[in-house]
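Have the structure open as you read.

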Amino acid sequence: MSMSKMKNESFDLHEDVIVKILCRLPVKSLIRFTCVSKRWRSIIISDPQFGKSHLQVASQQGTLCPKVLISIYPTIKAIQGQIPYPFKDDTPWLPSRFQSLEGYSSVNNLTFPSEEKSQRVMASCNGLVLLGEYYKSYFKNLSIWNPSTGFFRKIPSPSFGFEVTKSTEKKNYRSFLYYGFGQVTATDDYKPVLIKPALGDFVDVHVFSLRANLWKVIKAPSSSCIGWIDGQGSLSNGAIHWVNYPIYGVSDPTMVAFDLAEEEFRQVPLPVFNQNEDGVHLRQIKIQVLLGGCLCVWSQDLYGHSEFWVMREYGVPESWVKLIQFSQDDLPNEFTSCSSWDPTFVSEGGTMLIKLLDKKELVWIECRQEENPVCSAQYRIEEFPWAIFDGTLYDETLVSLPEGL
């Protein structure tokens, strides 16, 4: 065949073949390919089935690209250069700002598709981020957002109110909200969960089904969450996990999980932590999720000794393995004069991303066997130094959950 005939020959592929090829490409490339044609843009951005298939292939091949969603919550006082502490419920918040951090220094400013102010990141699952407007110790105006594609969907408010009455204001009453977000794989349903503590024998667990587009209220024993400290739960193995301190500092803590499929609480065993020579109880335990999905817990005692444990086989007490341990004195110089730090994620190889809350910095440290942790990179939040900031791990995906599907 001559070259001229080859140039005029059409080599159109069947759409099914094209879709299978596209499913194996990274999200960053696919976003660029949306300009090829209207049809390609529709498949890549607007087809929920394609987003689901792409996630399945990336998960099976281990090619998911984790990123850090940096959230900046400035106040009017931050703009004016005033220190906004202590924060109050009536503090005037400016619109939140979001950035995506890939690797150590590749930062992109993200456009948030809503006019709601003070949107806080609550949790993430499969590239979808649960957001809510922080108001009087609660979250309202809930929504789901995919930072990679811009997909956005508002969630109707739950049945309980957010108002603080005059009588409770006089008593300086403040309640708290526990929350989480995850997927039920069997039904391909995504569920935000909100738990509002109350006095009495039972608490109301508010569960929203994005597939059915409705809230459900489940009664659970109040003992399930009587000693929770962290509001945000951690997702692993189809359940949202919190640490329960029945009597803080006296009795041993336990781990409680809310199963998203069964919609009920269950106990998950904690590892047997080391105690110092004085037998000091742990100061705090925080649940992490190991990069890869395994449940991980971080414990720290009164003397600053930290341990990170991984549950290799979910629900099996004997499968807990100590991954990392170090003392406060072992940490690199970047932690000097920093009174508060919080791990964002931990990898199997010992890489950790830590938020230095006082310094408004994200720091990567490498923990290798018996060696002291070493700082490998850091990123400072330069804008609005007095604003609150947070860092949340999320996967770059094309997942979308439009109503009616």
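Is Ser 400 buried or exposed? Bear in mind that this is a predicted model. Ser 400 has a relative accessible area of 7%, and since anything under 20% counts as buried, Ser 400 is buried. You'll find Ser 400 in the segment after β24 (388-396). Leaving aside residues up to four places away in sequence, Ser 400 touches Pro 48 and Phe 151.

Now for the nonpolar packing. In soluble globular proteins, nonpolar side chains tend to be buried together. Here the largest nonpolar core has 21 residues, and the members touching the most others are Leu 128, Ile 144, Ile 155, Phe 181, Tyr 190 and Leu 210. Strands β4 (119-125), β5 (128-135), β6 (138-145), β8 (178-184) and β9 (189-196) each put at least two residues into this core. Another core, of 18 residues, lies apart from it and includes Phe 326, Met 352, Ile 354 and Ile 365.

Tyr 190 deserves a click of its own. Not counting residues up to four places away in sequence, its contacts include Leu 55, Cys 125, Phe 208, Val 399 and Leu 401.

**Aromatic pairs**

The structure holds 14 aromatic pairs. Take Phe 308 and Phe 326: their ring centres are 6.1 Å apart and their planes sit at 35°, so this pair is tilted. Phe 308 belongs to strand β18 (residues 306-311) and Phe 326 to strand β19 (residues 320-326), so the pair ties together parts that are 18 residues apart in sequence. Both partners are buried, Phe 308 at 0% relative accessibility and Phe 326 with a relative accessible area of 3%. Phe 335 and Trp 341 are set up edge-to-face, because their planes are at 90°, with the ring centres 5.8 Å apart. Phe 335 is buried at 6% relative accessibility, and Trp 341 is buried at 8%.

Elsewhere, a charge meets a ring: the charged end of Arg 120 sits over the ring of Tyr 73, 4.6 Å from its centre.

**Salt bridges**

How many salt bridges does the count come to? There are 16 salt bridges, and here are three of them.

| Salt bridge | N to O distance |
|---|---|
| Arg 39 and Glu 15 | 2.7 Å |
| Asp 204 and Lys 219 | 2.8 Å |
| Glu 361 and Arg 380 | 3.5 Å |

What does the bridge between Arg 39 and Glu 15 tie together? Arg 39 is in helix α4 and Glu 15 in helix α2, so the pair joins parts that are 24 residues apart in sequence. Arg 39 is partly exposed at 43% relative accessibility, and Glu 15 is partly exposed at 34%. Helix α4 (residues 38-46) has a buried side too, with Ile 43, Ile 44 and Ile 45 buried. The buried residues of α4 pack against α2 (15-22), α3 (27-33) and α5 (48-61).

Asp 204 in strand β10 (residues 202-209) and Lys 219 in strand β11 (residues 214-221) are 15 residues apart. Asp 204 is partly exposed at 25% relative accessibility, whereas Lys 219 is exposed at 59%. As for Glu 361 in strand β22 (residues 361-366) and Arg 380 in strand β23 (residues 374-380), they are 19 residues apart. Glu 361 is buried at 11% relative accessibility, while Arg 380 is partly exposed at 37%. Finally, salt bridges that share partners join Lys 28, Lys 67, Glu 102 and Glu 396 into one network.

Key: Residues numbered from 1 in each chain as written. Predicted model: local features only at pLDDT ≥ 70, side-chain atom pairs only at ≥ 80, totals over all residues. Heavy atoms only, no water. Helix = DSSP H or I, 4+ residues; strand = E, 2+ residues; numbered from the N terminus. Buried < 20%, exposed > 50% of the residue type's maximum accessible area, 1.4 Å probe, protein only. Contact = heavy atoms within 4.5 Å. Core = buried A, V, L, I, M, F, W, Y, C linked by side-chain atoms within 4.5 Å. Phe/Tyr/Trp six-rings, centres within 6.5 Å; stacked < 30°, edge-to-face > 60°. Lys NZ or Arg CZ within 6 Å of the ring centre and 35° of its normal. Salt bridge = Lys/Arg side-chain N within 4 Å of Asp/Glu carboxyl O.
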